[in-house]
Amino acid sequence: MNEKILDVKNLKMYFPRRTRLSFNSKRHKDGKFVHLEKSYVYAVDDVSFYLNKGEALGLVGESGCGKSTVIRAISQLYTPTEGEVLLDDKNLIGMKGRELLATRRNMQIVFQNPYGSLNPRMTTAEIIAEPMRIYKKAGLYDKTDAEIDVRIGNLMEMVGLLKHYKNRYPHEFSGGQRQRIGIARAIALNPQIVLADEPVSALDVSIQAQILNLFKDIQKELGISYLFVAHDLSVVKFISNRIAVMYLGKIVETADRNELYSNPQHPYTQALLSSVPIPDPEVEAKRKRIILTGDVPSPTIQRPGCAFYDRCSHAMSKCKEELPILQAVNNNGKHKVACWLYQ
């Protein structure tokens, strides 16, 4: 459980915006007062974390904070602006072609939308077999076609689908069944890590519980590690061993699951947890909700201080001027917070 399998260091993902025109006081040679300015969306800004073998790390935060972008940057679906993504001590950033394909075999994705992540023109068997056939064509998977067919049946049983569904198309399944197909495809190559990008957010609550239990069963059977992205804190608490909280492209707090829920330190984490309903009317009526004021700052502007400054009830002048870094707030060093209240 303490063997590090994925190490993300200082990851940055900046998206260039359209170049805009602005006026300049100095006249250009062509007689115009206009010059070009470049701007960026700072979606992920200096994010670092690690994932141990066999554990599940939850990544939480409100919509637009950069969670899904982290997933795509780690898997190299996006080319990161800066940073390192070390998978078994191999840096994926800069890898290309066959080298990237071979390394990325150990890291697969379950996407958020089971309606959009499956090819409607492919049968269930073709969808699940696709990664195996791609790697076989590249000479990186040595199973025969007969063995792949057997593997498809075993995977369908593992995720709770009947084998005779293999010739059905995605439109013939419910949302939960489609997500099971996506999970089967993700584990087809026996990866070490599954990146789950809000895999239950598009499903009914009753189906969510089934899919989450399936994730746990697969982890127990195969020893897979999860990077589990979600905005539902109850989902993250159920599936994760450790949790990292993101706000506006940065990680503001990391801790073990129980420690984070019982003793949140960052004001943003406290506000998030106070919004989770408690299934006890008496407790719910007495507890104090933390209502955040103001809007999330624009991700197109890099601020010198804490991004949460404008919405924080504990804000100090230092918060606006200097950026806090993640530092340990307990003796074992596992609970870290980026906040000047504790530094």
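**Exercise 1. Which strands each supply at least two residues of the lining of the largest pocket?**

Solution. The structure is a predicted model, in which local features need pLDDT of at least 70 and side-chain atom pairs count only at pLDDT 80 or more, while totals for chains, interfaces and linings use all residues. Residues are numbered from 1 along each chain as its sequence is written, and side-chain values use heavy atoms, with hydrogens and water left out.

Step 1. A pocket is an open set of points on a 1 Å grid over the protein atoms alone, where a 1.4 Å probe fits, with protein on both sides within 12 Å along at least five of seven lines; a lining residue has an atom within 4 Å of a point. Helices (H or I, at least four residues) and strands (E, at least two) are DSSP runs, numbered from the N terminus.

Step 2. Read off the strands. They are β1 (4–16), β4 (40–52), β11 (242–247) and β12 (250–256). Strand β4 gives the largest share of this lining, six residues.

**Exercise 2. Describe the volume and the lining of the largest pocket.**

Solution. Step 1. The largest pocket holds about 580 Å³ of space, a volume being the space filled by probe spheres set on the points, which are joined across faces, edges and corners. Its lining has 29 residues, and D46, S48, I251, I325 and L326 are the closest to the centre.

Step 1. Sort the lining by class. Ala, Val, Leu, Ile, Met, Phe, Trp, Tyr, Cys and Pro count as nonpolar, Asp, Glu, Lys and Arg as charged, and the others, Gly among them, as polar. The lining of the largest pocket then has 17 nonpolar, four polar and eight charged residues.

**Exercise 3. Describe the second largest pocket in the same way.**

Solution. Step 1. The volume of the second largest pocket is about 410 Å³. Of its 16 lining residues, R104, M107, Q108, I109 and P131 lie nearest the centre.

Step 1. Two or more lining residues come from each of α2 (97–104), β8 (107–110), α3 (124–137) and α5 (175–186). Helix α3 gives the most, with four residues.

Step 2. By class, this lining has ten nonpolar, three polar and three charged residues.

**Exercise 4. Is Q208 buried or exposed, and which residues does Q208 contact beyond its neighbours within four places in sequence?**

Solution. Step 1. Buried means under 20% relative accessible area, exposed over 50%, and partly exposed in between (1.4 Å probe, protein chains only). Q208 has 13% relative accessibility, so it counts as buried.

Step 1. Q208 belongs to helix α6 (residues 205–222). Apart from those neighbours, Q208 is in contact (heavy atoms within 4.5 Å) with V200, S201, L203, D232 and V235.

**Exercise 5. Classify two of the aromatic pairs, Y165 with F173 and Y247 with Y268.**

Solution. Step 1. Rings of Phe, Tyr and Trp (its six-membered ring) pair if their centres lie within 6.5 Å; planes under 30 degrees apart count as stacked, over 60 as edge-to-face and the rest as tilted. The structure holds nine such pairs.

Step 1. The ring centres of Y165 and F173 are 5.8 Å apart and the planes stand at 70°, so this pair is edge-to-face. Y165 is buried because its relative accessibility is 15%; F173, at 4%, is also buried.

Step 2. Y247 and Y268 are 4.7 Å apart centre to centre with 55° between the planes, a tilted pair. Y247 is in strand β11 and Y268 in helix α9 (residues 267–274), 21 residues apart. Both Y247 and Y268 are buried.
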